[in-house]
Structure formats: C-alpha cells, structure tokens
Amino acid sequence: MNSSPALCAAISDRITTSPQKRITFAEYMDMVLYHPEHGYYSSKAVNIGFKGGDFFTSASLGADFGELLAEQFVQMWQILGQPRPFSLVEMGAGQGLLALYILNYYQLHYPDFLTALEYIIVEKSPQLQQEQQQRLQNFPARWCNLEEIPNNSITGCFFSNELVDALPVHQFILETGELREIYVSLPSLVKRDENYPLLEGEFVEVVSEVSTPQLTKYFDLIDIDLSANVYPDGYRSEINLAALDWLSIVADRLQRGYVVTVDYGYPADRYYNPRRSQGTLQCYYQHRYHDNPYINIGRQDITAHVNFTALESWGEQCDLNKVGFTQQALFLMALGLGERIASLSYQEISIAQLLQRRESLHQLIDPTGLGGFGVLVQSKGLQAQEISQPLKGLIVPK
Ligand SMILES: C[S@@+](CC[C@H](N)C(=O)[O-])C[C@H]1O[C@@H](n2cnc3c(N)ncnc32)[C@H](O)[C@@H]1O
C-alpha cells in the first residue's frame, strides 16, 4: 500500500498510547491531513490542480472565480459605507491562487478599494502557507491564525472556498436507532465480530459509545430524528463538529460584515437522507475518488460534504444571520459570468485559448460539478438599512 510509513507510525503510536487503544475518526483524519510533518496538507504530497492533481477547485480553473468573488466583496464594502480598513480574511487558501486573482483584479480595476483593503490569510498547513507567501510576495497580504485575531475586531468579510469539507469529521453508525461512534484502531488490537461491514486497510474501524454528547446534540441543532424508523441498521455518516467550532471563532472575531462559505454539501434533510446510508466521506488520489481512508495514508485527500443547515443554525446561535443560500452557478451568473461567456467571441485570443476559457467558465457553472456547490452568506452587526441592500450574487434573475 502506498502510505507514508512515518505518518502510519505516528498514528499507531497515538493509538497504542491512548487509554482505550483507539482514536476517534476525527482525530485520525486530523492527523492524516494535518500532521505537522507528514500530513497530506503539511507535506509535499498535497497536489491541487486541474491537470495531474489529486483534485481541483474553482481557483484551479483560472482567474474568473476569484474576480467574480472580488466584485461581490467590493459591493459589500460599499454597503458597509466604505470602511477603512475593510478586511478580507481568506481561510484555507490552498496554493494562494484565489488571493492572487482577487488582489491582481483590485490592482487593475479597483485601486481605491485596494488602499482600504487589508488581506489576511488563515492557513493551517505550513507547506501551503510558504507557497502562498511566495506567490503573493508583491501583494499586501498577511498571515495569522484565527485565534490571533482579537475578538470583535474585523469589519469586512471572512470567506472560504472548500475549507469546511476539509475539516476533520466524526463518523457514526446506527445500531437499532442508537447513535454509536466509529473509532480507528490497529488490526492487531481488535477482534472483528461486527454485524455490518466496516472499512479496513493499514488501520481498522471499531464501533463503541459516542466520545462526546455534542454528537447527539448536533441532531437537535439540525432537527433530524435519527431514532425515526426510516434509518436502516448500519446506516453511517459524518458529523462535522469542527465546522461549528470554526464558525464560533469566526463569529467572535467579526464585528461588522459578512461570512461567505463556498463548498459542496447539502441541507440536513438531504445530507441525512435515509438512502444515503454510507455517508459522504470521499478520498481523492490522483483525480480518482474512492471511500477507503485507510489506504494511501498521507498521500490522499479526505473530505466530507458540508451540512449547510448546521452552519446556518449554529450561525444563528453565534449572532450570524443568514443573508442567503444559493448555488455557485447562480451566484457567479448574477455576478457577471454570463457576460464573460458572451464576450469571449470578441476577444483577441487563439482558438485554443478561447476553447479552454469557455470550458473553464462552463465548468464553474456545471450543475453536476462546481456549479452545484452551495454558497452560504451570513452577516453580523449590520444596520437595518445595510441589511436591506441585496447582495449582487444573491439576486435571482426574473
Ligand atoms: C481543499 S483545500 C482548498 C484550497 C483553496 N481554498 C482553493 O479553493 O483552491 C483546503 C485548504 O484549507 C486548509 N485548511 C484546512 N483546515 C484549516 C484550518 N482549520 N484553518 C485554516 N486552513 C485550513 C488546507 O490546508 C488547504 O489550504
């Protein structure tokens, strides 16, 4: 198996030294992705890109996604009365491409806004942070942890693209309507006598009582009743508690402005549809995806879809009001993507470039792919007259 031996050794060590000789799936996923030296995102293994990468994002397709988002941020600045500074906090910036396209666009088209702008990047992976710093060396950006930002200090917008799907999730399984948790252990430490298939590879899954009552409470938050008879025995899925912790910190740091979350996911009733009995966990390795997180350890990405209802409901508890939820295709069309497609034929570029650009623009709005992503916009501290001004990206064409 193509796993990182050093990472497997670190995980084995964590398991054998833990009191019950097992770790939660969330701890496992956190180590696999973010172990400071050997994790997928911390080592040279991370490979985001349209050609030859493990996966690609909207930012990998060129400048359009960033430039259209940039238009939305300028309007937010105007709605807030053009404050100076206006902070844009990008969380989970990957290779720094989105930041590059956004800042480049402001330099060319909104120099005045650029003088008000403070661009902050929050990035967990030291490796990617280094890549971002190289890519953005000619731009006024700075890096810090969310925790380092003082409470109630930000006027502006916190935003992320495909961050929340990369946060470590807990996994659960239902046994006669009861919530049980999936843990990770070593093959040599467990006896397998389960009634339903569990996954295995370098490590194996074991099922036991939940590690924290927050897992059960999560379903009250999103108004889903797992004890309802509709769920089959062995139904498994994920719970993203880290997303709630993350949103709480963001809400604390924001004094006045917006939070924009772009990602793939569903509202709770679709997420926990009884027919989605194997959850949404996916592993990406060299542009292929599969569902076994116990192979290619440290060399593949692991993600879970985002539960947007949880972000909305939890947000309300943290003073974040829902401004709107839409799909990426509609959001980008409302911000001018249609005009970009129409203007392609007038541009002086080669046929090959034209076809490639058209293909990229279409991919951004493909309803079966990136176009079907959710865009959640929340706000905090806005006055009534600011709330009443519709955001361009959320305007639905008549
Ligand atoms: C799937 S990549 C998305 C990259 C980029 N936003 C894009 O659109 O190409 C996820 C990014 O989030 C970062 N990340 C994951 N957890 C994080 C956290 N808790 N705080 C900050 N960054 C985090 C990863 O290191 C990586 O840069």
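The following questions and answers explain how terms are applied to this predicted model.

Residues are numbered from 1 along each chain as its sequence is written, and side-chain values use heavy atoms, with hydrogens and water left out. In this predicted model, local features need pLDDT of at least 70 and side-chain atom pairs count only at pLDDT 80 or more, while totals for chains, interfaces and linings use all residues.

Q: Why is H3 called oblique to H4?
A: The axes of helix H3 (residues 64–79) and helix H4 (residues 97–109) come within 8 Å and cross at roughly 60 degrees. H3 is therefore oblique to H4. Angles under 35 degrees count as roughly parallel, over 145 as roughly antiparallel, 65 to 115 as roughly perpendicular and the rest as oblique. Axes are lines fitted to C-alpha atoms, for helices over the stretch in contact, and angles run from 0 to 180 degrees between N-to-C directions. Helices (H or I, at least four residues) and strands (E, at least two) are DSSP runs, numbered from the N terminus.

Q: Which residues bring H3 and H4 into contact?
A: On the H3 side they are Phe65, Gly66, Glu67, Leu69, Ala70, Glu71, Phe73 and Val74, and these meet Leu98, Tyr101, Ile102, Tyr105 and Tyr106 in H4. Contact means heavy atoms within 4.5 Å. The residues of this contact divide into 10 nonpolar, one polar and two charged. In this count Ala, Val, Leu, Ile, Met, Phe, Trp, Tyr, Cys and Pro are nonpolar, Asp, Glu, Lys and Arg are charged, and the others, Gly among them, are polar.

Q: What makes Arg14 and Glu27 a salt bridge?
A: Their side chains meet at 3.7 Å, N to O. A salt bridge is a side-chain nitrogen of Lys or Arg within 4 Å of a carboxyl oxygen of Asp or Glu. Arg14 lies in helix H1 (residues 5–17) and Glu27 in helix H2 (residues 25–34), so the pair ties together parts that are 13 residues apart in sequence. The whole structure holds 14 salt bridges.

Q: Why does Arg14 count as partly exposed?
A: Arg14 has 36% relative accessibility and therefore counts as partly exposed. Buried means under 20% relative accessible area, exposed over 50%, and partly exposed in between (1.4 Å probe, protein chains only). Glu27, at 32%, also counts as partly exposed.

Q: Which parts of the chain does the pair of Glu71 and Lys392 tie together?
A: The side chains of Glu71 and Lys392 meet in a salt bridge at 4.0 Å, N to O. Glu71 lies in helix H3 and Lys392 in the segment after helix H14 (384–387), so the pair joins parts that are 321 residues apart in sequence. Glu71 counts as buried because its relative accessibility is 14%, whereas Lys392, at 35%, is partly exposed.

Q: How do you know whether Tyr231 is buried or exposed?
A: Tyr231 has a relative accessible area of 12%, so Tyr231 is buried. Its place is in the loop between H7 and strand S9 (236–239). Beyond its neighbours within four places in sequence, Tyr231 is in contact with residues including Leu174, Tyr272 and Pro274. Tyr231 and Leu174 are 57 residues apart in sequence and 7.9 Å apart in space, C-alpha to C-alpha.

Q: What makes H2 mostly covered?
A: Eight of the 10 residues of H2 are buried, among them Phe25, Tyr28 and Tyr34. The cover over the buried residues of H2 includes H1, S1, strand S6 (170–175), strand S7 (178–185) and strand S14 (301–303).
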